[in-house]
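Thanks for coming, everyone. I'll keep this short. Let me put the model up, and then we'll walk through it.

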Amino acid sequence: MSHQIQATQQTPAYIIYLLDISASMNLLMDAGGEKKRRMDVVTTALNAAIRQMVFRSTKGSRLSPRYKLSILAYSDNVFDVLGGVKGIDEVARMRPLENVQTQRLTNTAKAFAVAEKMLHQELPNLRDCPAPLICHMTDGAFTGEDPEPIVKRIMDIKIPDGNVLVENIFISDEILKTPIENSKKWAGIMPDTLLDDEYGEKLKRLSSPLPESYREMMMETGYRIESGALMLLPGTNADLVSLGFQMSAATPVR
């Protein structure tokens, strides 16, 4: 069984967040009965996931860095928001997306190319750690080159714990044939789930299967994602966007 290594201070989990900040992220979406900017929903969800990681890294009054993060915001260009790799203890004191301004385009290939480079730089430090995860959030098809070849290369990178995981949160109104009423009861997107969106189908090919160890952590927080689901979330509302960020932080810890 792969993806079993637990995140500890000695073997921290490494997560790269890859966040689309194209102009369409200013559009409004449903957030618990009110409308909020997609960008604000994402910022709120990321901050909640960071708090979750802090909570999972705290014993008594001590915060042990069980997670290491990089955050890349991308549009026409790629911005390294944290300035490299930071421990969760450092990230907890920062406000990562506070001053991020949206841009025009969605150069997804360029963003994954930067993430690939960061991964390779970090790999020597990850031999005994949980397999790293890239959590990609986007709200529309890419502009520029096709990111698929790069993403496939990343998914083929293997460390003793297993292959690098790629998760996609796709903020879109119409990706599923039937809307999800309740994110807590939702079973997830399976490899044979039909999507109403061509780009959604592509993201399906670029999403790792959800490891069982992650699924168990999510069951503990009240979700019902089923075995065999993909790490692909249709961000049709704030709850599902939040679920996507919670999933990224569901590395097993002890």
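One definition before we start: buried means under 20% relative accessible area, exposed means over 50%, and partly exposed is in between, with a 1.4 Å probe and protein chains only. By that scale P160 is exposed, because its relative accessible area is 57%.

Two notes on the source. This is a predicted model, where local features need pLDDT of at least 70 and side-chain atom pairs count only at pLDDT 80 or more, while totals for chains, interfaces and linings use all residues. Residues are numbered from 1 along each chain as its sequence is written, and side-chain values use heavy atoms, with hydrogens and water left out.

Back to P160. Where does P160 sit? In the loop between strand 10 (158-159) and strand 11 (162-163). Helices (H or I, at least four residues) and strands (E, at least two) are DSSP runs, numbered from the N terminus. P160 and I16 are 144 residues apart in sequence, and their C-alpha atoms are 19 Å apart in space.

Now the record. UniProt, in an unreviewed entry, places "domain: VWFA" at residues 14-210. UniProt positions are in the numbering used here, feature names are shortened, and annotations may be inferred rather than shown by experiment. Over residues 14-210 the chain is 27% helix and 24% strand. The end C-alpha atoms of that stretch are 16 Å apart.

Next, charges. How many salt bridges does a search of the whole structure find? Eleven. The criterion is a side-chain nitrogen of Lys or Arg within 4 Å of a carboxyl oxygen of Asp or Glu.

Take R104 and D76. Their closest N and O atoms are 3.0 Å apart. R104 lies in the loop between helix 2 (88-91) and helix 3 (108-122), and D76 in the loop between strand 6 (67-74) and strand 7 (78-80), so this pair ties together parts 28 residues apart in sequence. R104 is exposed, at 61% relative accessible area. D76 is buried, at 16%.

E212 and R215 form another salt bridge, 2.9 Å from N to O. They are three residues apart in helix 6 (residues 212-220), so about one helical turn separates them. E212 is partly exposed at 24%, and R215 is buried at 15%. There is also a network: salt bridges that share partners join D146, E148, K202 and R205.

On to the interior. In soluble globular proteins, nonpolar side chains tend to be buried together. A nonpolar core here is a set of buried Ala, Val, Leu, Ile, Met, Phe, Trp, Tyr and Cys residues joined through side-chain atoms within 4.5 Å. The largest such core has 61 residues, and Y17, M53, L69, I225 and F245 touch the most other members. Helix 1 (residues 38-56) gives the most to this core, with eight residues.

What does Y17 contact, leaving aside neighbours within four places in sequence? Its partners include L46, A49, M53, L69, C135 and F245. Contact means heavy atoms within 4.5 Å. A second, separate core has 25 residues, among them Y14, I16, L119 and I134.

Last stop, helix 7 (residues 238-248). Nine of its eleven residues are buried, so helix 7 is largely enclosed by the rest of the structure. F245 is one of those buried residues, and so are L240, L243 and M247. At the start of helix 7, a side-chain oxygen of N237 reaches to within 3.0 Å of the backbone nitrogen of D239.

Key:
A polar contact is a pair of N or O atoms within 3.5 Å; within protein, one must be able to donate a hydrogen and the other to accept it, and residues adjacent in sequence count only if both atoms are side-chain atoms.
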